[in-house]
Amino acid sequence: MRHRLVQALAVAVFAGAAVLLGGLPALAHGFSSTVYADLTSPGRGHVRAVLGLEYDLLVVSAADAEHDDPLFRQGTAAFENRDTAAQAAALSAHAAPIGKYVTDRFRVTADGHGCTPRQDGGFTIEQREGVPYARMVLDFQCPDAEAHEVTGTLFPDSEQYVRDTKTIVTYALDLTSGSAALDAHQPSVSTHQSWTARFGEFFRLGAEHLLTGLDHILFLLALIAGSRRLREIVLAATTFTLAHSVTFVLAALGLVHVPAEIIEPLIALSIAVVAAWPLWRLWRRPEAGELDGNSHFSLDRAGWTRLGVVFCFGLAHGLGFASALGIDAAWSWTLLWSLLVFNLGIEVVQLAIIALVFPQLALLRRRSPAAPRWTTGAIAAAVSVVGLTWFVQRVAGG
């Protein structure tokens, strides 16, 4: 009786924590933004930068920095009405303050000498993962040089609108091509940057993405909670890796594109379903005994079914990883290699979490006969409640 009371109390505490976690923003990566910059050289001493900037963030940041209240009112009204023509018109009507805001924070230098920017054409609005982005083209006149350096400090943390803004740069300059991920820690890239430094940035970006992506961490925690042996979590994690790598690469190839309105709720649902799996197993078999060892890898039919579910949901998570870098067009070889390194950063952190958490749960299960039931049940219940809460919020557009 006492053990049942402890179990119920533990589940209630974890479920209460889950409700609090579920109250966090439905898009569990926090309020962040990504800037996209594609640089080419149409001619000698000429660098062209095609920028993609999140529309509503551009409006509020430029209006605040340049003290342009009419820009804020006109741009915000167009955003709330979801009128792309009005959004482009609002930007064009305030091209001077917007241009100043952008060029003060996105710069190109040639062998240390500043290049002079000039906007080419007007603004157009495009959709990236369901979010309106402003497309603007800057032409930089540069002195003759052997190397160029690109610096991106748009939408910094100090503005307090978003945090951890990333600028994804692709370039074909100075007889070389490459890609880079710029942020507050590494705001600049040189066209003579080594491939090791470039890949190191994407590795760090992938590691940070998993660590700051609460939904992906909770999915991994659900996998760990539902695995009773090391080989189970290894097989589950490997299946998850294979699945999200498939869709990650397909997105990079430009072959698959699914709107965020579908992917984000599906990821939330995956958390709830995978977390509920051990609860269902405990309900059917309270003793939570060892797995049947008659099939390959010592997995019974339920174990193989679970792997199939994990694989299917892993496909959705791969599209979620891809959307973190705004992959919605065909790839270049340089960018594809960078994205694979980004994926490697995700996997290393994933394995580190498994190596830290699973042994602790295994040790706890060995010390007490009742521990496997209430530990697994409490964790699974908490994660499942969070997943269901996020699912409802994301379907409702919260």
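Figure 1. Of the chain's 398 residues, 48% count as buried. The model is predicted. The chain holds 12 helices and 11 strands.

**Figure 2. An open sheet of four strands.** The strand order is β4-β3-β8-β11, and the pairing is antiparallel. β4 (113-114) and β11 (188-190) form the edges. Each has a single partner strand, so one side of each has no neighbour in the sheet. Helix α5, residues 95-105, packs on this sheet. α5 touches β3 and β8 (148-152). The direction of α5 makes about 50 degrees with that of β3.

**Figure 3. Where β3 meets β4.** Strand β3 covers residues 106-110. Two bridges join β3 to β4, and the two strands run antiparallel. Ala-110 stands opposite His-113, which belongs to β4.

**Figure 4. Helix α2 under cover.** Helix α2 spans residues 55-65. It is mostly covered, with eight of its 11 residues buried. The buried residues are Tyr-55, Leu-57, Leu-58, Val-59, Val-60, Ser-61, Ala-62 and Ala-63. Just after α2 comes His-67, with a positive phi of about 55 degrees.

**Figure 5. Ser-61 and its contacts.** Ser-61 lies in helix α2. Its relative accessibility is 1%; buried means under 20%, so Ser-61 counts as buried. Leaving aside residues up to four places away in sequence, Ser-61 touches Tyr-101, Phe-155, Glu-159 and Tyr-161.

**Figure 6. Helix α2 against helix α3.** The axes of α2 and α3 are 9 Å apart. The helices pack at an angle of about 165 degrees. They are therefore roughly antiparallel to each other. Their crossing is left-handed. On the α2 side, the contact is made by Tyr-55, Asp-56, Val-59, Val-60, Ala-62 and Ala-63. On the α3 side, it is made by Leu-71, Phe-72, Gly-75, Thr-76, Ala-78 and Phe-79.

**Figure 7. Helix α3 against helix α4.** The axes of α3 and α4 come within 8 Å. They cross at roughly 165 degrees. That angle makes α3 roughly antiparallel to α4. α3 passes α4 in a left-handed crossing. From α3, the contact uses Leu-71, Gln-74, Gly-75, Ala-78 and Phe-79. From α4, it uses Ala-86, Gln-87, Ala-89, Ala-90 and Ala-93.

Figure 8. The structure holds five aromatic pairs. One of them joins the rings of Tyr-36 and Tyr-133. The ring centres are 5.7 Å apart. The planes stand at 50 degrees, so the pair is tilted. Tyr-36 lies in strand β1 (residues 34-43), and Tyr-133 lies in strand β7. The pair therefore ties together parts that are 97 residues apart in sequence. Tyr-36 is buried, at a relative accessible area of 11%. Tyr-133 also counts as buried, at 5% relative accessibility.

**Figure 9. A phenylalanine pair between two helices.** The rings of Phe-219 and Phe-240 have their centres 4.9 Å apart. Their planes lie at 35 degrees, so this pair is tilted. Phe-219 sits in helix α7 (residues 214-225). Phe-240 sits in helix α8 (residues 230-252). The pair links distant parts of the chain, 21 residues apart. Both Phe-219 and Phe-240 are buried.

**Figure 10. Ala-378 in helix α12.** Helix α12 covers residues 371-395 and includes Ala-378. Ala-378 counts as buried, with 1% relative accessibility. The C-alpha atoms of Ala-378 and Ala-225 are separated by 9.4 Å. Along the chain, these two residues are 153 residues apart.

Key: Residues are numbered from 1 along each chain as its sequence is written. This is a predicted model: local features need pLDDT of at least 70, side-chain atom pairs count only at pLDDT 80 or more; totals for chains, interfaces and linings use all residues. Side-chain values use heavy atoms; hydrogens and water are left out. Two strands pair if DSSP finds at least two bridges between them. Contact means heavy atoms within 4.5 Å. Axes are lines fitted to C-alpha atoms, for helices over the stretch in contact, and angles run from 0 to 180 degrees between N-to-C directions. Buried means under 20% relative accessible area, exposed over 50%, partly exposed in between (1.4 Å probe, protein chains only). Rings of Phe, Tyr and Trp (its six-membered ring) pair if their centres lie within 6.5 Å; planes under 30 degrees apart count as stacked, over 60 as edge-to-face and the rest as tilted. Angles under 35 degrees count as roughly parallel, over 145 as roughly antiparallel, 65 to 115 as roughly perpendicular and the rest as oblique. A crossing is left-handed if the near helix is turned anticlockwise from the far one by less than a right angle, and right-handed if clockwise.
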